[in-house]
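This report sets out the strand pairing and helix packing of one structure. The sequence and coordinates are shown first.

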Amino acid sequence: MSDKLFTKAKTLSFEVFPPKKDGEFDAAFEIMDALGELSPDFISVTYGAGGSRAGKSVEIASYIQNKLNIDAVMHMTCVGNKSAELLAIAEELKKHSVSHILALRGDRPKDMTDEQYHSREFAHANEMIAFLKGHTGLHIAAACYPEKHFESFSMESDLKNLKAKQDAGAEYLISQLFFDNDYYYSFLERADKKGISIPISAGIMPITSAKQLGTTVTLAGSSIPKALADLFATYGDDPAEMRKAGIDYAIRQIRDLQENGVSHIHIYTMNKPLIAKEICEAIYR
């Protein structure tokens, strides 16, 4: 990835995830091809809890980096990994010319015992960031939470943790999804006062089905503003209309962000390139 990425005035990026089944990889590469046609500045690639199926994520990241010639940012979590395992992943990424990661603590794997969880080598993402900065040549992005991480006692404590990520070497931040821009504006103001000066990308997820409320949104801990709740009340039983309304909501959200000086947008695509295309055509035409 170009080292200039984190200093660009404007960026557009996407998040994707690798398929859960090996037989779905052909379709996954087609999805990457379609997203690549939208010319994002980078595409981030997730992997499972505790780093499960990390090899498949590397394969997808390599395809993005080397076949599509788009910068790939692979997620890397520390909750289930020791230092040797992190270094092994970093070395594998290096072989594929992938030099950027999104450093996350990660969700606790379901099979991890309390003893394993409380004795893990890296308790927080900032510790992993500092380790990787000292032992690899990786460029590192980190996560931030406009409505605070659900485990934090307060926004103040969450911002303190975020500052620790910056101080450890994070070069860029990608926000958790949010649906009320006022939360994001307040977060930016408070982050600035805390001395957080690295670029921050706003995470936007188009909600196009009622099912997403009970899964992704609930896990993210994002609040649902009345305007979005009203959409579900009106169109929740009509999939086609709900899809249109959800895309329109995301478009209006991004336009408002841009009008208020937010120039870094990260779209959680849910591996649906057509939805990403409709949004991009609306906001960049």
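## Strand pairing

Strand E1 (residues 11–16) pairs with strand E8 (residues 264–268) in the parallel sense, over 5 bridges; two strands pair if DSSP finds at least two bridges between them. Within this pairing, Leu12 has Ile265 in E8 as its bridge partner. Strands (E, at least two residues) and helices (H or I, at least four residues) are DSSP runs, numbered from the N terminus.

The model is predicted: local features need pLDDT of at least 70, side-chain atom pairs count only at pLDDT 80 or more, and totals for chains, interfaces and linings use all residues. Residues are numbered from 1 along each chain as its sequence is written, and side-chain values use heavy atoms, with hydrogens and water left out.

## Barrel

A closed barrel of 8 strands runs E1-E2-E3-E4-E5-E6-E7-E8, with parallel pairing. From one strand to the next, the twist averages 30°.

## Helix packing

Helix H5 (residues 125–135) lies across strands E3 (71–77), E4 (100–104) and E5 (139–144), and runs at about 150° to E4. Axes are lines fitted to C-alpha atoms, for helices over the stretch in contact (heavy atoms within 4.5 Å); angles run from 0 to 180 degrees between N-to-C directions.

Helices H6 (residues 155–168) and H7 (residues 181–193) pack at about 60°, their axes 10 Å apart. H6 is therefore oblique to H7, the class left after under 35 degrees (roughly parallel), over 145 (roughly antiparallel) and 65 to 115 (roughly perpendicular). In their contact, Met155, Glu156, Leu159 and Leu162 of H6 meet Phe187, Arg190 and Ala191 of H7.
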